[in-house]
Amino acid sequence: MVSLTPLLAMLSSLAAVPLIALSGKRPNLREAFTFAAGITKLLLVLSMLPVILAGETVTYTLWEILPGLAIRFRVDAMGILFALVASSLWIVTTIYSIGYMRGLKEHAQTRFFCFFALALSATLGVAFAGNLLTLYLFYEILSLSTYPLVTHHQDKEARDGGRKYLSYLLASSIGFALPALIASYLLAGTLEFTGTGFLGGTASPAVLTFLLLLFVFGFAKSGLMPLHGWLPGAMVAPTPVSALLHAVAVVKVGVFSVLRVFTDVFGLETLKTLFISGIKAATIVAVLASITILLSSLIALFQDNLKRRLAYSTIGQLSYIILGAALLHQTAVAGALSHIVMHAFGKITLFFCAGAIFVATGKKYISQMVGLGRAMPFTFAAFFLGSLSVIGLPPAGGLLSKFYLILGSLRGDEGLFMIVFLVSSLLNAAYFLPITFRAFFPGDKAVDEVSLAGIREAPLWCVVPPVVTGLLSIALFFFPETVFRLASLAVGAGGTP
Amino acid sequence: MIAALWSQSPALAELFPLFGALLAGVWGLYRPRYSSPIAIASLVGSLVFALMVVCRVLAEGSLRYRMGGWPGPIGIEYVVDALNALILPFIPGSALLALWYSRGLIAEEFSAKLPQFHSLYLLLVTGLMGMTVTGDAFNLYVLVEITALASYALLSLGGGRAYLSTLNYLLLGTIGASFYLLGVGYMYIKTGTLFMPDLFARMPDLYGSPTLTAGFILMMVGLWIKMGLFPLHGWLPGAYTDASTPATCLIAPLVTKVTVYVMIRIMYNVFSPHFVFTTTTWSDVVPYIAAVAIVAGASLALIQTDFKRMLTYIVVAEIGYMVGGAWLGNTAGLTGAIFHIVVDMVMTLCLFMVAGIIALRGDGSIESFSGRFKTMPWTLAAFVAVGLSVIGIPPTGGFFSKWYLLSGAIEARNWVFMAALLFSSLVAAILVFRVVEKAFFGSLDEEHGDHGHHDHHSPTESEEAPVGMLIPLWVGVAVIFALGIFSGTLIEKLITHAMPPGLF
Amino acid sequence: MVEVVEKFSFGIYLVLLLIGLWAMIGKRNLVKKVIGMTIFQAAIILFFVSIGAKDEATIPILRNYYGPDATPINPADYANPLVHVLMLTAIVVGVSTLGVALSLIQKVHGKYGTVEENEILEKST
């Protein structure tokens with residue numbers, strides 16, 4: 001089906017940018033524009049859902065930019081799944097941003113909201129990209145438009161973080177992804193996503209393997225080690241940025257791009273037969289992802305700065321998705337896709353809570369948070385729900401996606417990687433559960449009542465969003481049908497994964 | 001009337017600046033105030049007719065225009081095809097933007113020499129347009145020297161160190177032009193003609209001749225000196241850095257790029273792909289020289305502290321892009337090189353405009369960008385936009401020229417050239433974001449207060465560049481994006497038709 | 001005979017060319033550099049003119065065209081005029097370049113009080 005809707009959905013937040021910029025002197029109007037754009041965007045995305053669920057795709061070709069290669073949107077199940085997550089969470093994040101930015105009296109709020117809207121446009125552009133060139137275009141726009149958000153504080157730490165951020169992301173995308181992109185175009189003569197891949201049989205296995213690795217490392221937003229260093233560095237950003245961009249939009253754009261490479265550039269069937277000197281090419285990626293998962297979980301265990309611990313946890317969880325894709329089994333890929341959703345809701349909750357704690361108390365370190373649960377029960381309750389989902393415990397959505405990932409590894413005869421999932425889940429529990437536990441039950445380390453005096457919940461704007469997203473990630477456990485329908489549609493498995 | 005103008009457009013596009021130069025120079029002596037409007041009017045006229053030429057080429061294919069009706073080798077004949085039709089309008093266009101941008105500066109710096117300045121300005125444009133359309137190898141030499149003489153005079157107007165660096169440029173430029181002339185002589189000995197289409201037709205029988213090969217080498221080396229290909233670039237950074245802003249904004253974007261066009265013209269329409277890549281045994285070496293030029297230009301840019309000098313080294317690196325692309329020996333590379341000529345014209349123009357604004361507000365060092373995002377947001381935003389093109393981020397023009405260059409490198413299996421291109425993209429990213437960082441964060445080392453406040457650099461509205469400078473700058477930025485967005489159309493309608501037969 | 005003359009003049013042209021080039025690159029004195037440039041250009045002019053040179057050739061004008069004993073002209077009899085025309089233009093270009101170069105040297109001398117390159121570089125740093 002050809003329709004303007006994907007373009008409009010992408011543009012709705014872009015169109016809001018000048019409005020936001022011009023209403024900078026009237027904050028309430030400015031935020032109203034952000035909300036309007038967010039709701040429009042969500043509605044536009046939702047309007048395409050029935051078509052996609054019926055198994056069709058929505059396409060729109062903007063203009064031919066290279067001979068035979070256009071800027072083209074193509075919404076399929078995979079794209080809309082990601083778009084739904086990003087656009088719905090943007091609204092929640094906007095509510096949270098208002099509380100956070102105003103609560104801390106941050107400077108340059110207009111710039112903040114402008115670039116946030118721009119980043120969302122780029123995210124949807126990636127989600128709806130109909131070919132690799134379009135995807136790359138929006139991928140780069142996203143890297144650049146988030147730079148002013150990461151460096152929002154404009155101090156030394158922000159400068160260093162921003163430097164790291166751009167140098168990792170630009171160096172990888174220009175150094176690895178761009179040549180891989182051009183080589184693919186020269187080999188296959190097309191970059192269009194069709195759901196089956198276009199690179200199969202166009203070159204020798206060695207070349208294809210090399211291209212696969214170039215792509216996987218080229219999209220460094222996925223945080224695969226050793227190109228993960230930018231993510232902890234990016235934690236200097238204000239928390240709403242970390243929450244939406246570095247737990248949902250930016251990093252998921254990275255893994256989404258990698259998933260696209262697996263499913264639409266190479267195609268799962270091609271990869272299943274792609275061997276290089278007896279080793280399956282995908283297994284190399286799988287091993288890299290496994291190493292990332294385990295190492296980052298271990299590192300997270302020793303981080304005292306809450307946001308950094310969350311960042312390392314994110315790195316690990318992103319590699320779940322890459323690992324899921326690299327297992328090449330439909331069930332695992334569907335699990336990977338649904339993990340994009342489940343992890344998004346869980347992790348954004350955790351970041352919201354970290355920010356709420358900072359707004360209310362100014363505390364950044366986990367060791368300072370002992371006993372805080374009594375003063376801030378809602379925040380820590382939400383934190384608990386979020387961590388349940390990320391660890392993968394019932395009754396949270398994360399359990400389901402992890403279940404399918406593990407199921408996929410078994411069905412794909414890759415039982416070894418199941419152990420990775422299990423071990424890392426244990427580690428997740430080890431670095432998340434104590435935070436909540438000790439916040440509510442400080443134990444014998446008697447908390448000085450004085451230190452808690454005067455500490456109250458953060459403003460409502462900051463507390464409601466994590467509670468909502470926390471509850472949503474529980475809801476996803478009970479009502480996961482749409483997510484899994486879309487995920488299984490995306491891998492071509494019909495109704496169920 | 002319209003039909004007459006239509007058929008005379010190739011001549012009119014060049015005659016406008018020529019007569020404008022005379023008018024501004026002579027009448028301007030009595031009425032100095034009029035020289036600037038005359039210059040603007042003749043550039044506008046030239047631009048209009050250049051665009052008309054583009055339309056004609058699109059409609060009719062390649063054109064032969066005979067001055068005074070005299071054909072071929074005896075008369076002066078212009079040959080306009082898809083290749084130079086693309087470049088032609090960018091010359092008066094870029095000159096017009098540069099003049100618009102620097103009107104205030106010219107009135108201030110050269111108030112006593114207005115007619116002379118504008119006359120030289122237009123002569124330079126005349127020379128460049130002549131270089132682009134001429135079909136005669138010797139006329140080309142004369143036009144190259146007219147351009148060069150006008151640019152020596154304009155560059156030396158910067159005063160101070162500019163005299164010496166211009167003299168240096170003059171000496172090297174003369175060597176370059178003389179080499180070219182010698183090469184023309186060698187060709188003439190063998191073929192007895194100087195008219196490019198005749199040369200092209202007569203030469204295939206003589207390809208084995210060492211005289212022709214020697215002539216070809218001499219011409220190429222001459223042109224490389226003229227365009228500043230590393231390691232023959234010695235004159236370029238000094239001459240461009242020391243000159244005044246109005247002169248660099250005119251010269252830096254145009255002269256070297258038009259010389260690259262001349263090189264492509266000689267390689268493919270006087271000689272042929274067969275001669276360049278089959279008869280000549282050393283042609284595969286050139287992309288490696290170009291790769292060295294790119295890496296060296298980029299690395300030297302990295303160590304500069306002066307913004308304008310840094311830009312001149314970026315120019316050196318970009319010359320490497322185009323030379324390499326043209327010598328890769330496949331259509332993708334040549335397409336990239338040709339497309340990059342126009343993209344780089346606009347990019348260089350915009351960059352030097354930014355440099356001019358910064359020199360106006362500070363000492364022109366990279367350090368002087370400190371904290372300017374707050375005080376000069378429009379200038380800096382334009383710089384970021386141009387910077388994206390220099391790095392090669394879609395959807396700017398720079399991305400697509402790089403796309404074709406990289407495709408060419410991959411097709412030719414020339415990994416060294418490909419690596420050099422990628423390296424220079426990354427260096428460009430560093431160069432751009434180093435400035436952006438300075439401008440965005442200010443000087444953090446002196447700062448101890450609250451985040452995000454730069455009180456030591458008292459923000460005043462008046463620091464922003466005058467609107468008369470910003471509009472041309474932003475027009476340039478818009479053109480860069482338009483070139484990217486319409487690159488498919490441009491390449492399909494023009495550049496594809498400029499591909500010489502025999503190149504695959 | 002023709003070949004010897006041609007080769008002889010080509011030899012001179014090469015020698016002059018190298019002398020000019022050496023002076024332009026090797027000499028420190030700016031005026032000497034410009035002198036080198038002039039020699040360099042003269043060498044090229046010599047080269048071009050010698051292309052058209054021919055023994056016993058005449059000037060390319062019509063003789064007795066209107067008279068009763070009008071003779072057709074054999075192109076092989078006269079020297080090629082084109083190279084001379086070209087060199088006229090080249091000489092004009094060369095003179096202009098020389099003029100610009102000398103005026104630049106004058107300006108340099110006015111600023112630094114010397115035309116020795118190494119002394120100028122010392123003063124400008």
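Which residues in α14(A) meet which residues in α17(A)? That was my starting point, and I kept in mind that this is a predicted model.

**Entry 1: α14 and α17 of chain A**

I listed the α14(A) side as A:Thr331, A:Ala332, A:Ala334, A:Gly335, A:Ala336, A:Ser338, A:His339, A:Met342, A:His343, A:Phe345 and A:Gly346. Facing them in α17(A) I found A:Gly397, A:Gly398, A:Leu400, A:Ser401, A:Tyr404, A:Leu405, A:Leu407, A:Gly408, A:Ser409 and A:Arg411. I sorted the residues of this contact into nine nonpolar, 11 polar and one charged.

Next I looked up the geometry: the axes of α14 (residues 330–361) and α17 (residues 397–411) of chain A come within 8 Å and cross at roughly 160°. Angles over 145 degrees count as roughly antiparallel, so I put α14(A) and α17(A) down as roughly antiparallel to each other. I noted their crossing as left-handed.

**Entry 2: α11 and α14 of chain B**

Here I have α11 (residues 245–270) and α14 (residues 307–327) of chain B packing at about 15°, axes 11 Å apart. That makes α11(B) and α14(B) roughly parallel, with a right-handed crossing. Among the contact residues I jotted down B:Met263 and B:Met267 of α11(B), and B:Ile319 and B:Met322 of α14(B).

**Entry 3: chain C against chain B**

I got 25 residues from chain C and 22 residues from chain B in this contact. On the chain C side, α2 (30–52), α3 (82–112) and α4 (117–124) each supply at least two residues. The largest share, 13 residues, comes from α3(C).

Definitions and conventions: Residues are numbered from 1 along each chain as its sequence is written. Chains are lettered from A and ligands numbered from 1 in the order in which they are written. This is a predicted model: local features need pLDDT of at least 70, side-chain atom pairs count only at pLDDT 80 or more; totals for chains, interfaces and linings use all residues. Two residues are in contact if their C-beta atoms, placed from the backbone, lie within 7 Å. Helices (H or I, at least four residues) and strands (E, at least two) are DSSP runs, numbered from the N terminus. Axes are lines fitted to C-alpha atoms, for helices over the stretch in contact, and angles run from 0 to 180 degrees between N-to-C directions. Angles under 35 degrees count as roughly parallel, over 145 as roughly antiparallel, 65 to 115 as roughly perpendicular and the rest as oblique. A crossing is left-handed if the near helix is turned anticlockwise from the far one by less than a right angle, and right-handed if clockwise. Ala, Val, Leu, Ile, Met, Phe, Trp, Tyr, Cys and Pro count as nonpolar, Asp, Glu, Lys and Arg as charged, and the others, Gly among them, as polar.
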